[in-house]
Each structure stands twice: as C-alpha cells, then as structure tokens.
Amino acid sequence: MAKNLATDMAPPFILVAHYFIAGAIFYMITAFVLPFYANDISGYFLSSSIASLMHLYLLGFVMMVIFGAMYQLIPVVLEIPIFSKDFAYVQFYLFVSGILIFTFGLWDETYTQIIPYGALLMYLSMLIFVANVFLTYKNIIRWDIVAKFILASNLFLTIGVTIGFIIALSLIYGYSVDILELVQMHIATTIFGYVIMTIMGVGMILLPMFSLSHGFKQKAIEMAFYAIIIGLLLFLIGTIVGNDILKFSGVFFCTIAIFLALYQMYLIFSTRIRKQNDFWAKNMMASFVTLIISFLMLLAGIVTQNETFYILFGFTLFFGFFTFFIVGHIYKILPFLVWYQRYSPLVGKIKVPMLNDMVKEKVADIQFWMTLIGLLLAIFAIGFKITLLFEIGAVIMGVGTLLVIYNIYFTLVYGIEELKN
Ligand code: HEM
C-alpha cells in the first residue's frame, strides 16, 4: 500500500498551491470570527449565523484543502492523470466566489437574497469537481479500497450538495419542504459521506507513507467502508420515510465504521518504522483522540437529547479532528510538493534540503499546543456555557492559525533567494 506522492501524472504545483493557500486564508478568517460566536454556544446547532460560520470553515478550509490534495492524490492512487486541469482552475474561482457570497448572505440578514446566487456558484463548482473525478475514473485500471472510498464519497457529495442547493432555494423562495429533515440529510451526506469517507480512504495512503508502516492487515478499513455506506443509506431512508429506528441504526453503523477506521489507523501506527513523535505524529494522535471524544458527545446527545452535546459533537469534530488531521498533512504535503518542484531536478548537483528543514518545527510545535489548549478551553466553555472562556479559547486557536500561515509562507518561499544566486 505504501506509495509516493510524486508521479509524472500529478497536476502542476501551482494548482494545488491555489487550494492550499486559499484554504489557509479561510482557516484564519474563521478563527478570527469564532470569538464573536461566544453567545451562540448556549443556542442551537442549526441557525443561519452558525451555518454561515460552518460553511466558511468547512468549505473554505476543510473542503478547499481536500480538493487541492485530491488533485495531487487521485493520480497517485488511480495511476492515471486527472481528466482536466482546466476544470480544476474554473472550479477554484467559482468555489471561492460562491463561498464568499453564500456565507455573507447567511451572516447578514439584510442580504439574504444573495444566498441562492452564492449557493449556485458553490453547487456548480462541486459539480465540476465530481464530474472531473468521475471522468477520470473512466480510465481506471486498478481498483483498490482507496479508489472505492473516493468514488463512493464523491457520489455522496453529489447527493449532499444537491440537497444543500435545494435547502438554499427553499430558505429564500419558501418551497414546502421539511428544512430540518433536509439539513440532517445534507449534514450526513457531506460530513460523513464526503469528508469522513475521503479521510478514511486517503488516510490509507497518507498514514503508511508518512509513518513508514507496512505489513499491516486492512480488513478493518474494508469493513468500515461497507459499514459507513450501510449506515448512511439507513439514515437517509429513515429520514425520508420518518422511521427513527432506521435512523438510529444508520447512526449505529456509522459509529461502528468510525471505530473500525480508528482501529485500522492504530494497526498502521503500531507497525510504523518512524517512531519519533514529530509535529505530524502529534497532530495525528490529537485528531484521533478528538474524533473519539466527538463521537462520545454524539452518543450522549442521542441518549439525553441535550442540544449542548450536539454542539460539542460538531465543534470537536470540525475544529478538533478535521483541523489536526488537515494541518498535520499540510506540513507534510506542501514541503514535499515545493521540494519536488524546486529541488528534484538539482539532486546530485547541489546539497538539497531535507523535507523537515522546510517547516519551522518549533513554530509547528507551538501552534500544535496552542490549537490544543484553545480547543480544550472552548470545549469546556461550551459544556459549562462560559462565554468569556470560549472567547479566550477561540483567540488562542486564532493565534495558532497565524502560525500555520507563517509556516506555509516559510515553505512556499524556501530556498527561492538561494537558488537565484
Ligand atoms: C453547494 C454546496 C452547499 C450548499 C448550497 C449548502 C447549503 C446549506 C444550507 C442552505 C444550509 C441550511 C442553513 C440554515 O440552517 O440556515 C446548510 C447547512 C449545513 N451545511 Fe451546507 N451547503 C453546501 C455544502 C456543504 C458541505 C460540503 C458541507 C460539509 C462539508 C456542509 C455542511 C453543512 C452543515 C454542517 C450545516 C448545518 C449548519 C448549521 O445550521 O449549524 N454544507 N447548508
């Protein structure tokens, strides 16, 4: 399973850089508006202002980085070039403008009429992405578990964003649909069907690659693949026919899938050759722990029907698991791409740097601890409804994002001056 990020079929570095840089900027913007949401921590998970923040973060940061990474990884996984690079650029500009218009419309009540336009741009950009992926699959030769995950997750993404687009139109034009039911299906298909399934799939490439693991069994992730699909289908059907038993069975299967995937990650980590706990390994461990915590919160929410647990579930999953997993990988993928583009032609001619030299380790380390401390304070604040503590936690996390931006800048400009001379 161990693969290399490099392939002749990969897209130009500048394309992936577009997505990573925009993702980092959206990450920073979200972190700086987060303290202003302190009063929402005792409110409801589903509201326009929270939806605005969620899309800024989930689409602007999480999906943006995932899209960029997928353009690099799909050729590595499928061993075929991506169908169209031009599609990827068009998608990028539609996506950025769509996110800005959509989130602004949700955030400022006097501009709600722009929501459908933002939604349309985002929807088109997502359709371009999935079309690009499906057209790439036409030429596929090798079917492994990662290829299956990527295909299934893109099918769920198509369903999820179609539902999202319908909700956006209904909010403004008042169609007679049950918005709450649609939002539940939208969250299930985009978060579980796309983001989590994609992470499970590409995790099977990235984790062995960066921890130098091999010789592990992969039965657990194969079972997780079927469990999450069954879980999502049960949840969707249960929501459509209004059957709670089906819905809970769906949540149950999805939870089983998550724990199977975690067990798989444990198997990979336990066979790793690279034992040192560098900033990547720390981020991975924090991501898995926060994933477990978030699911415990979800189960507590289902059992007690207490809204706070649902807020804690979403907050810990989005700002804990997603953040640690993505930031940890930015620190690995970006230096590799810059190195490959800038230094690989010079191997044997000059002394080339190591990948870890291209990240300021001390800064990455401080950022990790700040993000963790800020997150824990904010989680505690949500649990006990302490507004000031939430603001403090969010500001600490915000400073952490500046350190991520600094490190991205450091990597992007690494060696430019030196190589000019
Ligand atoms: C074309 C793309 C999308 C459109 C048009 C869209 C639209 C919407 C709309 C209109 C809502 C309801 C807002 C409200 O309650 O006032 C919503 C909720 C939500 N969406 Fe999306 N969405 C899209 C993509 C996504 C994606 C890709 C994700 C996750 C990665 C996502 C995650 C969420 C979440 C978590 C909520 C619940 C937010 C809350 O109210 O707390 N959406 N979406």
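Which helices each supply at least two residues of the shell around the ligand? In this predicted model, the answer is α2 (48-78), α4 (115-137), α5 (145-173) and α6 (179-211).

## Around the ligand

Let's stay with that shell for a moment. The biggest contribution comes from α2, which gives eight residues. There are 27 residues around the ligand, and those that come nearest are Ala51, Ala119, Val161, Gly164 and Thr190.

The domain assignment of the protein gives domain 1 (1-142) and domain 2 (277-412). Taken over C-alpha atoms, their centres are separated by 18 Å. Across the contact, 24 residues of domain 1 meet 29 residues of domain 2.

On the side of domain 1 that touches domain 2, the elements giving two or more residues are α1 (13-33) and α2. Here α1 has the largest share, with eight residues. This side divides into 21 nonpolar residues, three polar and no charged.

## The nonpolar core

The largest nonpolar core holds 144 residues, and Val62, Val65, Ala224, Ile228 and Ala378 have the most contacts inside it. Domain 1 and domain 2 each provide at least three residues of this core.

Leaving aside its neighbours within four places in sequence, Val62 is in contact with Tyr57, Val195, Phe322 and Ile326.

Methods. Residues are numbered from 1 along each chain as its sequence is written. This is a predicted model: local features need pLDDT of at least 70, side-chain atom pairs count only at pLDDT 80 or more; totals for chains, interfaces and linings use all residues. A nonpolar core is a set of buried Ala, Val, Leu, Ile, Met, Phe, Trp, Tyr and Cys residues joined through C-beta atoms within 7 Å. A residue is buried if 20 or more other C-beta atoms lie within 10 Å of its own, exposed if 12 or fewer, and partly exposed in between; C-beta atoms are placed from the backbone. Domain bounds come from an automatic or database domain assignment. Two residues are in contact if their C-beta atoms, placed from the backbone, lie within 7 Å. A residue is near a molecule or strand if its C-beta atom, placed from the backbone, lies within 6 Å of it. Helices (H or I, at least four residues) and strands (E, at least two) are DSSP runs, numbered from the N terminus. Ala, Val, Leu, Ile, Met, Phe, Trp, Tyr, Cys and Pro count as nonpolar, Asp, Glu, Lys and Arg as charged, and the others, Gly among them, as polar.
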